[in-house]
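Please keep the sequence and the coordinates at hand while reading.

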Amino acid sequence: MDTQQQQSAIKGAKVLMVGAGGIGCELLKTLALSGFEDIHIIDMDTIEVSNLNRQFLFRRSHVGQSKAKVARDAVLRFRPHINIRSYHANVKNPEFDVDFFKQFDVVLNGLDNLDARRHVNRLCLAADVPLVESGTTGFLGQVTVHVKGKTECYECQTKPAPKTYPVCTITSTPTKFVHCIVWAKDLLFAKLFGDKNQENDLNVRSHNAASSSKEKEDVFERAEDEDIEQYGRKIYDHVFGSNIENALANEETWKNRRRPRPIYSKEVLPESLTQQNGSAQNCSVTGGDSVISAMPSLGLKNPQELWGLTQNSLVFIEALKLFFAKRKKEIGHLTFDKDDQLAVEFVTAAANIRAESFGIPLHSLFEAKGIAGNIVHAVATTNAIIAGLIVIEAIKVLKKDANKYRMTYCLEHPSRKMLLMPVEPFEPNPSCYVCSKTPLVLEINTQKSKLRDLVDRIVTAKLGMNLPLIMHGASLLYEVGDDLDDIMVANYNANLEKYLAELPSPIVNGSSLTVEDLQQELSCKINVKHREEFDEEKEPEGMVLSGWTQPPATNGESASTSNNENAVDVTESSSGSEIATKKRRLSETQPENHKKETQNVESDDDDFMEIENPMLVSKKKKRVE
């Protein structure tokens, strides 16, 4: 009977898969072989050579093609009778709205970034569709189930923020190669190829603050008739030569530090590179922009080879030339992408030249790409295991076996003689601003911070909103959308450049903001607290967002715990036919060795995860008889 019920649930289900990478390939195959007959796949990526060693639905002939489409075609060859629809698109596109999600019985995630995962989580909450999350990194993996009102949502627990570094360390006193990578991709790459209107103080690295904005612009702006190679040498000499010399002028900085060495192009490069390297026409172009490469014309083939200063300098100039020769239309709109070969080459070369200047060991392209993309290389077996677990949880969801849902962790080494550790899911966190609407608190200097800072650093970066709308009381301060007229757009853009306290409806200490995203059908409150000073090392953004407060104990129950265990209260209903309700209460004072341990890893097979220590999770569960 149970088998018949299960087969009926599977055959009648309409499933949405988001992601067709390492996990996605295994998941689609497993779904098809398990009897699912109506599957939709969304993935915006194209197939790369580096995918082929673990994404087994793809072949070399598929390189450059849509992952979603090729995966669909591959599975239909051995399951031709089922319906699989592919979308080569970004899941954040407007067509994938709440109404689109409502047509599905369950959503299965195999994504590679926090932003998209949060977006899908919010759409599933708004559409009231169960979500099964997953991720792998190396030998580790996990699968979690999120059902509105029954289990915690994906954002009920804070996700560790990506590692940030103080601006002063990045721009003036790097000591690690990762500092050079961040400088190369977030400052130099962004300055040369990204939004020209964004603030970037790459030019102001001297002790003399008298440099004018015009002088800054003269360095990085390329004249219409300026030779690309000469422009590249000018940039090279500025960022690796004169900037370093200016920094050395401040003797106080280098009293207890190793002094960097200025490097100029004439010291390491021949007078003309055109004859030696060939022209930009001879670059490697086998498909889209992501496979344009500076390496072939320079005779560089092995990405694991360590380049010297001269080779890095040649790659720097050649990559810059190729951006202007082959991708000129994109300049001004580019952001660093670890899957963009030319971008990775440019950032690797720039980071290595800077590392050479500061006496930091150089790294290969392979190593630099891993650091820039925060990559841990994948294990195909882990992907297959996690895909199987996703399908198991999806079947439970379709059968509505809520008391059997499990968060399952795939471990690298046996623990309690287990490599797979299942844990009961938690109830929704009453302090979650996404599913419980608890207000957030923002500490910010309202007199020195602009609305643009709030939008970029908080609303977009931290809250993950795509089309934000910001209201202060009855005043609409900012909105994004295609239906805005020119006057409204101009007014909102003008507001972006105003300090918070000087807006038409001033934001000051005690102000309460409403921030919405209509696409995600998400709304939250932010209570503003004015603060004058911030620690530049610990709080480099100049603002602090908080709001994950522990709810107080109620009904006489104590929220305290011993030093050995985090107490968790679980109350079961007396009726076995009813869904058990679980109440979680964690200690307000968690011992250091029992705090939630997580790690953010983005693997090169596009599977992203936050791994919670399963041993610590198991200690959080305590049944009340």
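Patches are made of residues with over 30% relative accessible area and no salt bridge, like charges being joined within 9 Å and nonpolar side chains (Val, Leu, Ile, Met, Phe, Trp, Tyr) within 5 Å. Accessible areas come from the Shrake-Rupley method with a 1.4 Å probe, and for residues only the protein chains shown count as cover. Ile385, Leu419 and Leu420 form such a nonpolar patch on the surface, with about 220 Å² of accessible area together. This is a predicted model, in which local features need pLDDT of at least 70 and side-chain atom pairs count only at pLDDT 80 or more, while totals for chains, interfaces and linings use all residues. Residues are numbered from 1 along each chain as its sequence is written, and side-chain values use heavy atoms, with hydrogens and water left out.

Ile385 belongs to helix H15 (residues 380-399); helices (H or I, at least four residues) and strands (E, at least two) are DSSP runs, numbered from the N terminus. Ile385 counts as partly exposed because its relative accessibility is 33%. On this scale, buried means under 20% relative accessible area, exposed over 50%, and partly exposed in between (1.4 Å probe, protein chains only).

Strand E5 (residues 131-137) is mostly covered, with 7 of its 7 residues buried. In a regular strand the side chains alternate between the two faces of the sheet. From E5, Leu131, Glu133, Gly135 and Thr137 point one way, Val132, Ser134 and Thr136 point the other way, and all are buried.

Which strands flank E5? Strand E4 (residues 106-109) runs parallel to E5 and is joined to it by 2 bridges, whereas E5 and E6 run antiparallel and share 7 bridges. Pairing requires that DSSP find at least two bridges between two strands. Leu131 of E5 is the bridge partner of Val107, and the partner of Leu131 in E6 is His146. E5 and E6 form a hairpin with 2 residues between them, and Gly138 in the turn has a positive phi of about 60 degrees.

The unreviewed UniProt entry lists Cys153, Cys156, Cys432 and Cys435 under "binding site". Although these positions are spread over 283 residues of sequence, they cluster in space, the largest C-alpha distance being 8.6 Å. UniProt positions are given in the numbering used here, feature names are shortened, and annotations may be inferred rather than shown by experiment. Cys156 is in the loop between strand E6 (140-146) and helix H6 (167-171), and Cys432 in the loop between strand E8 (418-423) and strand E9 (440-444). Cys156 counts as buried because its relative accessibility is 0%; Cys432 is likewise buried, at 0%.

The structure holds 23 salt bridges, each being a side-chain nitrogen of Lys or Arg within 4 Å of a carboxyl oxygen of Asp or Glu. Arg233 forms one with Glu229, with the closest N and O atoms 3.3 Å apart. Because Arg233 and Glu229 are 4 residues apart in helix H9 (residues 228-248), about one helical turn separates them. Both Arg233 and Glu229 are buried, and a network of salt bridges links Glu229, Arg233, Glu318 and Lys321.

Glu541 and Lys462 meet in another salt bridge (2.6 Å, N to O). Glu541 lies in the loop between strand E13 (522-530) and strand E14 (543-546) and Lys462 in the loop between helix H16 (451-460) and strand E10 (468-472), so the pair ties together parts that are 79 residues apart in sequence.
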